[in-house]
Amino acid sequence: MKFREDVPRWRQIADELERRIREGEYLPGTRVPSVVQIQEEFEVASATAQKALSGLRNRGLTYTEPGLGSFVRRE
């Protein structure tokens, strides 16, 4: 993914993950990529990956199960 300079990277990653959710790549109840997976795929720091996941939670698209990860919220 080529990042734009005018938008924070975490937001661009959250937007991409949201697109994947909306297009059905990640179905309700399934796990979204972990912090480590996001770090590797997008080549970003762990704090950036964590903020992207927090952004998805704040948008109401995911929820977190402690020790298990983040999952797509059922509508």
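Guide: A salt bridge here is a side-chain nitrogen of Lys or Arg within 4 Å of a carboxyl oxygen of Asp or Glu. The model is predicted. The search of the whole structure finds 8 salt bridges.

Visitor: Why is the contact of D6 with R4 called a salt bridge?
Guide: The closest N and O atoms of D6 and R4 are 3.1 Å apart. The cut-off is 4 Å, so the pair qualifies.

Visitor: What makes D6 exposed or buried?
Guide: D6 has a relative accessible area of 58%. Exposed means over 50%, so D6 is exposed.

Visitor: And how is R4 classed?
Guide: R4 has a relative accessible area of 48%. That falls between 20% and 50%, so R4 is partly exposed.

Visitor: How do you know that D15 and R59 form a salt bridge?
Guide: Their side chains meet at 2.7 Å, N to O. The limit is 4 Å, so the label holds.

Visitor: What does the D15 and R59 pair tie together?
Guide: D15 lies in helix α1, residues 9–22. R59 lies in the loop between α3 (46–58) and β1 (62–65). The pair therefore ties together parts that are 44 residues apart in sequence.

Visitor: Why are D15 and R59 called partly exposed?
Guide: D15 has 36% relative accessibility, and R59 has a relative accessible area of 32%.

Visitor: What makes R20 and E16 a salt bridge?
Guide: The N to O value for R20 and E16 is 2.9 Å. That is within 4 Å, so they count. R20 and E16 are 4 residues apart in helix α1, which means a separation of about one helical turn.

Visitor: Are R20 and E16 buried or exposed?
Guide: R20 has 9% relative accessibility, and E16 has a relative accessible area of 17%. Buried means under 20%, so R20 is buried and E16 is buried. Salt bridges that share partners join E16, R19, R20, E23 and E41 into one network.

Visitor: How do you know that β1 and β2 pair?
Guide: There are 4 bridges between β1 and strand β2, residues 69–72. Pairing needs at least two bridges, so these strands pair. They run antiparallel.

Visitor: Which residue is the bridge partner of T64 in β2?
Guide: S70 is the partner of T64.

Visitor: What phi does G67 take in the hairpin?
Guide: G67 takes a positive phi near 85°. The hairpin of β1 and β2 has 3 residues between the strands.

Key:
Residues numbered from 1 in each chain as written. Predicted model: local features only at pLDDT ≥ 70, side-chain atom pairs only at ≥ 80, totals over all residues. Heavy atoms only, no water. Buried < 20%, exposed > 50% of the residue type's maximum accessible area, 1.4 Å probe, protein only.
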